[in-house]
Amino acid sequence: MPNEISFIYLQFFGVIAITGAFAWGLMTSPIRIAPKASRLFALSNLCMFFAMALFYYRSDTVSYWHWYFADMVFTFGFCLLRWGGLHLFKQKLTYQTDMIIFSVTILVMLLIPPQQTYAPYLMVVASFGASLLFFFITKDNFKAMRKSLSITYSVMLTLPYMLATLFFVSRFLLLLIFANNLALIEALTTLKSPIVLWCYIGFILSINCVLFGNALTRLVYKIHKLAKKDQLTGLWNRHALMTRLDLVDALWRRDKQAYSLLLMDLDHFKGINDTYGHLGGDAALRHIAAILQRSLRKVDFICRFGGEEFLIILPATDAEKAYFVAEKIQSQINQSALKWQQHTIEVQVSIGYATIDQGLSVEKLLQLADEGMYCAKQQGRNTISTLTPAQNTTT
């Protein structure tokens with residue numbers, strides 16, 4: 001039985017784990033920040049505290065409750081930790097892979113005879129399963145961080161996972177190589193060792209700090225992204241457009257790779273609103289947005305420019321290609337009537353396009369696309385038109 005000092009360490013560990021679980025419970029409800037991820041993080045903290053308590057009561061007498069079940073709960077807590085991170089960053093869930101690692105770890109441990117002589121091998125198997133899970137957690141976290149942070153901050157927010165992976169890998173290798181060294185085994189596997197105790201305390205504290213940092217990073221990233229999105233259609237808004245347009249224009253001036261703009265306006269939009277109400281008009285705008293997202297490349301930038309207008313940046317696209325893209329979009333819109341509340345709403349668009357050229361500023365290019373769209377309206381709507389800089393000057 002561990003001594004009184006070990007019990008103090010266990011209490012310290014428990015305070016951190018239970019406080020972490022309580023904090024994540026608040027994130028689940030009523031605050032409701034990443035509720036699925038927060039719920040999993042709370043359960044992970046509780047699992048690790050429960051497993052640590054079982055681990056504390058280990059004695060020289062092998063007990064399935066205090067030996068096998070403690071490692072089972074610890075390993076499952078690590079699975080919950082990974083699933084919470086995947087939910088937090090909207091990554092692909094890996095329940096099947098993680099449950100295979102968990103199941104194989106537990107099954108192999110159960111094949112080891114419940115005797116003190118074989119205790120090191122139980123820890124070898126448990127450490128191997130934990131190191132695998134933490135390797136994947138480390139990879140997932142770093143990949144998620146790199147989407148919104150520099151490599152330096154990504155490494156900093158992933159470092160505790162890296163250290164946890166290193167700890168379990170080191171313990172696995174040392175126990176495997178020095179299976180007959182009783183002093184080393186006791187130092188690595190019992191709560192009599194201050195090294196092991198501080199590792200667990202540092203582990204639970206740093207992991208929760210990183211989790212809260214990740215949640216905050218995700219929240220800030222989401223707010224930043226929403227600030228650049230149109231809430232009705234899910235497309236980029238005008239502010240995001242100007243940022244991207246300046247970038248594409250800078251690349252054009254450096255590499256001389258032409259880009260084009262398409263500016264389209266939903267024809268007879270007032271009539272749609274008058275006939276079907278504003279909800280019908282909103283449905284028509286979402287319908288157009290969905291067609292544009294299906295029809296264009298990933299590198300193309302689609303924006304709700306204002307009202308019923310949409311603007312598209314086409315990188316690496318000259319005037320001839322821009323016209324073909326406009327034709328394709330118009331054709332797909334014409335062939336895709338909107339079904340809304342037992343009504344069929346015919347939607348059409350007028351499109352103006354313009355291609356960058358020497359001496360054209362971003363503002364002038366936008367004006368040319370706008371004038372082209374105005375000409376398409378004048379020509380009877382549901383048409384495509386463009387103006388050259390010379391034509392625009394004469395008008």
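Predicted model: local features only at pLDDT ≥ 70, side-chain atom pairs only at ≥ 80, totals over all residues.

**Two helix pairs**

Two packed helices are described by the angle between their axes and the distance between the axes. Start with helix 5 (residues 119-145) and helix 6 (residues 151-177): their axes come within 8 Å and cross at roughly 165 degrees. Angles over 145 degrees count as roughly antiparallel, so helix 5 is roughly antiparallel to helix 6. The crossing of these two, helix 5 and helix 6, is left-handed. As for who takes part, the residues in the contact of helix 5 with helix 6 split into 21 nonpolar, 7 polar and 1 charged.

Now hop along to helix 10 (residues 269-295) and helix 11 (residues 319-334), which pack at an angle of about 135 degrees with axes 10 Å apart. Helix 10 and helix 11 are therefore oblique to each other, and their crossing is right-handed.

Here are the two pairs side by side:

| Helix pair | Angle | Axis distance | Handedness |
|---|---|---|---|
| Helix 5 and helix 6 | roughly 165 degrees | within 8 Å | left-handed |
| Helix 10 and helix 11 | about 135 degrees | 10 Å | right-handed |

Rolling a probe the size of a water molecule over the atoms shows where empty space is left. The second largest pocket holds about 270 Å³ of space. It is lined by 13 residues, and those closest to its centre are Ala34, Pro35, Leu88, Lys90 and Lys222. Which helices each supply at least two residues of this lining? They are helix 2 (35-56), helix 3 (64-88) and helix 8 (194-226). Helix 8 gives the most, with 4 residues. Sorted by class, the lining of the second largest pocket has 8 nonpolar, 1 polar and 4 charged residues.

**A sheet**

Strands of a sheet pair through backbone hydrogen bonds, either parallel or antiparallel. In this model, an open sheet of 5 strands runs in the order 2-3-1-6-7, with mixed pairing. Strand 2 (301-306) and strand 7 (384-386) sit at the edges, each pairing on one side only. From one strand to the next, the twist averages 25 degrees.

Zoom in on strand 1 (residues 260-266) and strand 3 (residues 309-314): they pair in the antiparallel sense over 6 bridges.

Key
Residues numbered from 1 in each chain as written. Heavy atoms only, no water. Axes fitted to C-alpha atoms, helices over the stretch in contact; angles between N-to-C directions. Parallel < 35°, antiparallel > 145°, perpendicular 65-115°, else oblique. Left-handed = near helix turned anticlockwise from the far one by under 90°. Nonpolar A, V, L, I, M, F, W, Y, C, P; charged D, E, K, R; others polar. 1 Å grid on protein atoms, 1.4 Å probe; cavity = no way out; pocket = protein on both sides within 12 Å on 5 of 7 lines; lining within 4 Å. Points joined across faces, edges and corners; volume = space filled by probe spheres on them. Pairing = 2+ DSSP bridges.
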